[in-house]
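Dear colleague,

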Amino acid sequence: MIAYTKDLIALLYPKTCAACQRRLQQNEDVICLFCEFDLPFSNYHQEADNILAKQFWGRVKLEEAIAFYIFVKGGRIQHLIHQLKYRGRQEIGSRLGSLYGEILQKEATQLIEDWDIIMPIPLHPAKKQRRGYNQCTTFVDSLAQQLAISAAHEILKRNIDTGTQTRLGRYQRWENVETIFYLDEKQKKELEGKHILLVDDVITTGATLEAAATIILDLPNTKVSIAGIASAITL
Ligand SMILES: [Zn+2]
């Protein structure tokens, strides 16, 4: 009876691909097989001096800058991230994290070996309360699990009183961005000597990642790499 009800629900409300919205087959999970192989991969893990890495040159010293996908406005990745971010579909993050992990395991063994901790960029507390979750959490957890590296969600913290940035000039914005994050003394110790992989959903200007990386790099013997679910940075 339960199986029958499940079948009926599946018939009435067929699951669709979170990227292209085609109807999913039974063996497909969250995204269809076509999208699994055909979404715009960045392959930045195969190219150290990629355009995302170049974006940070002269701003902050990163070991690697990588992203799973290339973000194109109006494209399938935008749809995918939108569902993850605003529609509560956290299973998208889990699926993408394990897919990306599988690829990195095959193609970027050396990078993985050097990472100690995977960490999401924390959301502003008010935003997190409104949304109920950080859109990077499930991605970070399944990526970490796939790569057998620990994930840390509570180490890097976000200050509450950084207001809106849209009306500030570029320099003021940078000053403001520098005070976005903080680390407790005890947590600073935990990061010493570690290589941290910082994760954000869509990398646009890179200012947030830069601020987070800067704070971590102030600690003795730390290294930072960054990864995006997608990168919107173009030449
Ligand atoms: Zn699809």
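Two residues are taken to be in contact if their C-beta atoms, placed from the backbone, lie within 7 Å. Please also bear in mind that this is a predicted model.

On that basis, Arg95 touches Asp29, Val30 and Ile31, with residues up to four places away in sequence not counted. Arg95 belongs to helix 5, which covers residues 91-107. Because 21 C-beta neighbours lie inside 10 Å, Arg95 counts as buried. The C-alpha atom of Arg95 is 8.5 Å from that of Thr138, although 43 residues separate the two along the chain.

Five strands form an open sheet with parallel pairing, in the order 1-7-6-2-3. Its edges are strand 1 (65-70) and strand 3 (150-151), each of which pairs on one side only. Eight bridges join strand 6 (residues 195-203) to strand 7 (residues 223-231) in the parallel sense. Leu198, for example, has Ile226 in strand 7 as its bridge partner. Helix 11 (residues 207-217) packs on the sheet, where it touches strand 6 and strand 7, and its direction makes about 170 degrees with that of strand 6. Helix 8 (residues 137-147) lies across strand 2 (117-120), strand 3, strand 6 and strand 7, and runs at about 170 degrees to strand 2.

Helix 11 also holds Glu210. This residue counts as buried because it has 21 C-beta neighbours inside 10 Å. Leaving aside neighbours within four places in sequence, Glu210 is in contact with Phe56, Arg59 and Val60. Glu210 and Lys61 are 149 residues apart in sequence, while their C-alpha atoms are 9.1 Å apart in space.

In soluble globular proteins, nonpolar side chains tend to be buried together. Here the largest nonpolar core has 56 residues, and those touching the most other members are Ala67, Tyr69, Ile118, Leu198, Val199, Ala212 and Ala230. Among the elements that each supply at least two residues of this core are helix 4 (76-86), helix 5, helix 8 and helix 11. The largest share, six residues, comes from strand 1. Domain 1 (1-38) and domain 2 (39-231) both give residues to this core, so the core lies between them. As for Tyr69, its contacts beyond four places in sequence are Leu39, Pro40, Phe41, Ser42, Ile77, Ile229 and Ala230.

A colleague

Key: Residues are numbered from 1 along each chain as its sequence is written. This is a predicted model: local features need pLDDT of at least 70, side-chain atom pairs count only at pLDDT 80 or more; totals for chains, interfaces and linings use all residues. Helices (H or I, at least four residues) and strands (E, at least two) are DSSP runs, numbered from the N terminus. A residue is buried if 20 or more other C-beta atoms lie within 10 Å of its own, exposed if 12 or fewer, and partly exposed in between; C-beta atoms are placed from the backbone. Two strands pair if DSSP finds at least two bridges between them. Axes are lines fitted to C-alpha atoms, for helices over the stretch in contact, and angles run from 0 to 180 degrees between N-to-C directions. A nonpolar core is a set of buried Ala, Val, Leu, Ile, Met, Phe, Trp, Tyr and Cys residues joined through C-beta atoms within 7 Å. Domain bounds come from an automatic or database domain assignment.
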